[in-house]
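Here are some notes to read alongside the model. Please keep the viewer open as you go through the points.

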Amino acid sequence: QVRLVESGGGSAQPGGSLRLSCAASGVMFSIYTMAWYRQAPGKQRDLVATITSLGSTNYGDSVKGRFTISRDNAKNTVFLQMNSLKPEDTAVYYCNAGYIDNFWGQGTQVTVSS
């Protein structure tokens, strides 16, 4: 049974930082491309960042230079370091594992406000 469990969400002030984690089980983690998506109320789910099995990364335009995705294959975990947070970063953040099939976590809320 595949499980992706996100953690690390919460509240932050503009300019602050948060670090999200996603722990995977039931998959051969190292071969999967891992990604973070986010969905704000009333909006579509958007790609935030991806990291391939070889460590290549890609970012959405709105987070480039502020967010960093990384992975620890030994711990079956992917991270999202979020710096210089803005109110528009407020959303539910979802972890995704993709290879031949796709799996999603349950999401974690991130709220940025003063």
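1. Some ground rules. This is a predicted model, in which local features need pLDDT of at least 70 and side-chain atom pairs count only at pLDDT 80 or more, while totals for chains, interfaces and linings use all residues. Residues are numbered from 1 along each chain as its sequence is written, and side-chain values use heavy atoms, with hydrogens and water left out.

2. Back to Arg38 and Asp89. They form a salt bridge (a side-chain nitrogen of Lys or Arg within 4 Å of a carboxyl oxygen of Asp or Glu), with their closest N and O atoms 2.9 Å apart. The pair links distant parts of the chain, since Arg38 is in strand 4 and Asp89 in the loop between strand 8 and strand 9, 51 residues apart. Strands here are DSSP runs (E, at least two residues), numbered from the N terminus.

3. Asp89 has another partner: Arg66, with the closest N and O atoms 2.8 Å apart. Arg66 lies in the loop between strand 6 (57-59) and strand 7, so this bridge ties together parts that are 23 residues apart in sequence. Both Asp89 and Arg66 are buried. Through shared partners, salt bridges join Arg38, Arg66 and Asp89 into one network.

4. How many salt bridges does a search of the whole structure find? The count is three, and one of them joins Lys64 and Asp61 at 3.2 Å, N to O. Lys64 is partly exposed, with a relative accessible area of 48%, whereas Asp61 counts as exposed at 67%.

5. Now the nonpolar core, a set of buried Ala, Val, Leu, Ile, Met, Phe, Trp, Tyr and Cys residues joined through side-chain atoms within 4.5 Å. The largest one has 29 residues, and those with the most contacts inside it are Met34, Trp36, Val78, Leu80, Met82 and Tyr93. Strands that each supply at least two residues of this core include strand 3 (18-25), strand 4 (33-39), strand 8 (77-82) and strand 9 (91-98).

6. Leaving aside residues up to four places away in sequence, Leu80 touches (heavy atoms within 4.5 Å) several residues, among them Leu20, Trp36, Val48, Phe67, Ile69 and Tyr93.

7. Which residues do ring pairs link into a cluster? They are Tyr32, Tyr99 and Phe103. Rings of Phe, Tyr and Trp (its six-membered ring) pair if their centres lie within 6.5 Å; planes under 30 degrees apart count as stacked, over 60 as edge-to-face and the rest as tilted. The whole structure holds three aromatic pairs. Tyr32 and Tyr99 have ring centres 5.7 Å apart and planes at 50°, so the pair is tilted. Tyr32 and Phe103 are also tilted, at 6.3 Å centre to centre and 45° between the planes. Tyr32 is buried at 7%, Tyr99 is exposed at 52% and Phe103 is partly exposed at 22%.

8. Finally, charges over rings (NZ of Lys or CZ of Arg within 6 Å of the ring centre and within 35 degrees of the ring normal). Arg19 lies over the face of Phe79, 4.0 Å from the ring centre. The charged end of Arg71 sits over the ring of Phe29, 4.7 Å from its centre.

Notes:
Buried means under 20% relative accessible area, exposed over 50%, partly exposed in between (1.4 Å probe, protein chains only). Helices (H or I, at least four residues) and strands (E, at least two) are DSSP runs, numbered from the N terminus.
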